[in-house]
Amino acid sequence: MKRSTRKAIPLLTLATIIAILFLLPLIWMVFTSFKTLSESMASSSILPQVWTLENYTGIFSSVTEAPIFRWLFNTTFITAIGTIIVVVVDILAAYALARLNVPGKKVILGMIFAALAVPGIVTLFPAFYMFKEVGLLDSYIPLIMPYTASTMGVFLVYNFLLSFPKDLEEAAYLDGASQWQILYHVIFPAIKPVAMTLAVITFLAIYNDYLWPSLVTNSNEMKTITLGIATLIQGSNFVNPAKMMASTVIATIPAVVIFLLANKHIVKSVTNTGIK
Amino acid sequence: MYKGASYKIWSVLMVSPFVIFFLLFWALPLGLGIWISFHNWNVSAGNLGFVGLDNYKMILTSGTIYNNLFITGLKNTLYFVVISVPPLVLIALGLALIIDNLPDKFKTIYRTIFFISYSISVTAVSAIFLWLFNNNGGFVNNVLMSLGMKDAVNWLGEQPYAWLTILIATVWWTIGFNMMLFINALNEVDSSLYEAADLDGAGAWAKFRYVTYPQIKNVGFFIVIMTVIASFNLYGQTRLITNGGPEQSTNSLIMNIQTSVFGMNQLGIGSAMALLMGIIMTVILGFQYWLNYRKKD
């Protein structure tokens, strides 16, 4: 049902006002990062009167105390490895559960549903203690591996496969295709959309996590960018909004770019799961 | 198809990485947490002996410091759940209705704008709102003063402004997600029903009440549940924007559990608190399911 644009003008005006309100904090963040320190504290206008790059050059010159590029590298590394592991492991498990007669299938599915109902806080501190006891704190392992225990991905792919017809797999099987060939040529192409969805959710979850990385890292060098921003808020940028916003711009750009590129898949992911 | 020994081996090989990770990083911490909660357990010194239910008793006996931490945290968190869930659900529904009624060519752009802040981390959100609402040199106060207001509003250091700031930051950060769920639900509504309602001369409110609402009710319930869980897990905003203040009024339950574990070195008591929090959340969600289920009969 298409309505004419003219009829929609009042609604469009309302939507535009709300859109400006939504964008205002981001616009303010970007412009403040180009203000001088004194202006950033005193200004009541969004645009800088004097444009400066000193906040950004300041970030480059203070990388020893706030190694923001190391933080970006850490985040890129753990989100990439973590996302790949989660997607591969979850797809294999979901396929075995949905299509093959895994021994103990009912028990595994039962555990997955039970885990979905248990709040994450319950396992958080014991998991920290576990990594502490085996001496793995402040390494990449606790920053990556716990995300692989998430049952949401298996649940998502499993549900998708249940509603996906088996005909193609059966035809391939009758033609003498091996298990691996069926997986590679039939299943993988079919579940690509749901795999993308899972990848995007996992990426954002790892990228934006704050509490868990704050428990398992000690040194400045092992921080993620999200945790690094928290350190700056509580530390050296506490009294410097201009520099704080420059750091926040750098921290925010990768997530926003990925978000815009993957927008389509995120829309789907919300439809499919509704899991935050 | 898919029978025989070789498939069994395949299937076990395929499912085992996940099962191993799940047992190692979920089931083991869960079991360990329950075990630790029955012990006097230090983060640094380790297990100092079995104490039975003493940790739970201490948390639930009024007057102890842990009772104070738990009850204060729980009260503050429940308060946030109560003030944040209605706007997070209702404003999201409003935004979804606006998007749904826009001409098709404008839908994507507005939907993306309303949703974009969801991709930002809680620490970046906190950095932005900390400096928008800072008492001293914050942008909002600067604007208010330039408009002629005499005294700066103590946004972060005085109630109810501190909660208001946390609430605005949270709504801005997460509302796009709920909106997306509502948009998807609205897309599923059969448009012929609207046409029929038009023919009957139904107004906008009647159309919403009798056509839209029954069709999005289930998704709406799901969104309420998700939002309650998310608001219960309040941590980053209060840690970074108000740091629990003023006078500990925004100390969330997770913050206070963290204080018990690290500040007081009591992993046993902290684990018991986390389990109690989990139980309380499960009971509240179970109650909501029961309410929803009962209404259908």
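This is a predicted model: local features need pLDDT of at least 70, side-chain atom pairs count only at pLDDT 80 or more; totals for chains, interfaces and linings use all residues.
**Group meeting: a two-chain helical model**

Good morning. I begin with one pair of helices: α12 of chain A, residues 225-234, packs with α5 of chain B, residues 122-132, at an angle of about 30°, and their axes are 8 Å apart. Because angles under 35 degrees count as roughly parallel, α12(A) is roughly parallel to α5(B).

Which residues in the two helices meet? From α12(A) they are Thr226(A), Ile229(A), Ala230(A) and Ile233(A), and from α5(B) they are Thr123(B), Ala124(B), Ser126(B), Ala127(B) and Leu130(B). The residues of this contact divide into 6 nonpolar, 3 polar and no charged.

Let me move from this pair to the contact between the chains as a whole. On the chain A side 78 residues are in contact, and on the chain B side 76 residues. Helix α1(A) supplies the largest share of the chain A side, with 10 residues. By residue class, the side of chain A that touches chain B has 57 nonpolar, 15 polar and 6 charged residues.

I turn now to chain A by itself. Its secondary structure comes to 14 helices and 0 strands. How spread out is chain A in comparison with a compact globule? Its radius of gyration is 23 Å, whereas the globule rule gives 19 Å for 276 residues; the value is well over the rule, so chain A is more spread out than a compact globule. Along the principal axes, the C-alpha atoms of chain A fill a box of roughly 75 × 65 × 30 Å.

Chain A is divided into two domains, with domain 1 covering residues 9-55 and domain 2 covering residues 61-272. The C-alpha centres of these two domains of chain A lie 33 Å apart. Across the boundary, 10 residues of domain 1 of chain A are in contact with 8 residues of domain 2 of chain A. Which elements give two or more residues to the domain 1 side of that contact in chain A? They are α1, residues 9-32, and α2, residues 37-42, of chain A. The residues on this side of domain 1 of chain A divide into 4 nonpolar, 5 polar and 1 charged.

Next, the annotation of chain A. An unreviewed UniProt entry places the feature "transmembrane region" at residues 12-31, 71-95, 107-128, 140-161, 182-207 and 244-262 of chain A. I take two of these spans. Residues 182-207 of chain A are 100% helix and 0% strand, with the end C-alpha atoms 33 Å apart. Residues 140-161 of chain A are 68% helix and 0% strand, and here the end C-alpha atoms lie 33 Å apart.

Now to chain B, whose secondary structure comes to 12 helices and 2 strands. Where do the strands fall in the order of elements? The C-alpha trace of chain B spans about 80 × 75 × 35 Å along its principal axes.

For chain B, the unreviewed UniProt entry places "transmembrane region" at residues 12-38, 78-100, 112-133, 161-183, 219-236 and 269-291. Among these, residues 12-38 of chain B are 96% helix and 0% strand, and the end C-alpha atoms lie 36 Å apart. For residues 112-133 of chain B the span is 68% helix and 0% strand, with the end C-alpha atoms 25 Å apart. UniProt, again in an unreviewed entry, also places "domain: ABC transmembrane type-1" at residues 74-288 of chain B. That span is 77% helix and 0% strand, and its end C-alpha atoms lie 19 Å apart.

I close with local backbone features of chain B. The peptide bond from Gln159(B) to Pro160(B) is cis, with omega near 5°. Pro160(B) sits in the loop between α6, residues 139-146, and α7, residues 161-188, of chain B. The peptide bond from Gly245(B) to Pro246(B) is also cis, with omega near -10°. Pro246(B) is in the loop between α10, residues 236-242, and α11, residues 253-263, of chain B. Asn243(B) is likewise found in the loop between α10 and α11 of chain B. Although Asn243(B) is not a glycine, it has a positive phi of about 50°.

Thank you.

Definitions and conventions. Residues are numbered from 1 along each chain as its sequence is written. Chains are lettered from A and ligands numbered from 1 in the order in which they are written. Domain bounds come from an automatic or database domain assignment. Two residues are in contact if their C-beta atoms, placed from the backbone, lie within 7 Å. Helices (H or I, at least four residues) and strands (E, at least two) are DSSP runs, numbered from the N terminus. Ala, Val, Leu, Ile, Met, Phe, Trp, Tyr, Cys and Pro count as nonpolar, Asp, Glu, Lys and Arg as charged, and the others, Gly among them, as polar. UniProt positions are given in the numbering used here, feature names are shortened, and annotations may be inferred rather than shown by experiment. Axes are lines fitted to C-alpha atoms, for helices over the stretch in contact, and angles run from 0 to 180 degrees between N-to-C directions. Angles under 35 degrees count as roughly parallel, over 145 as roughly antiparallel, 65 to 115 as roughly perpendicular and the rest as oblique. The radius of gyration is taken over C-alpha atoms; the globule rule is 2.2 Å times the number of residues to the power 0.38.
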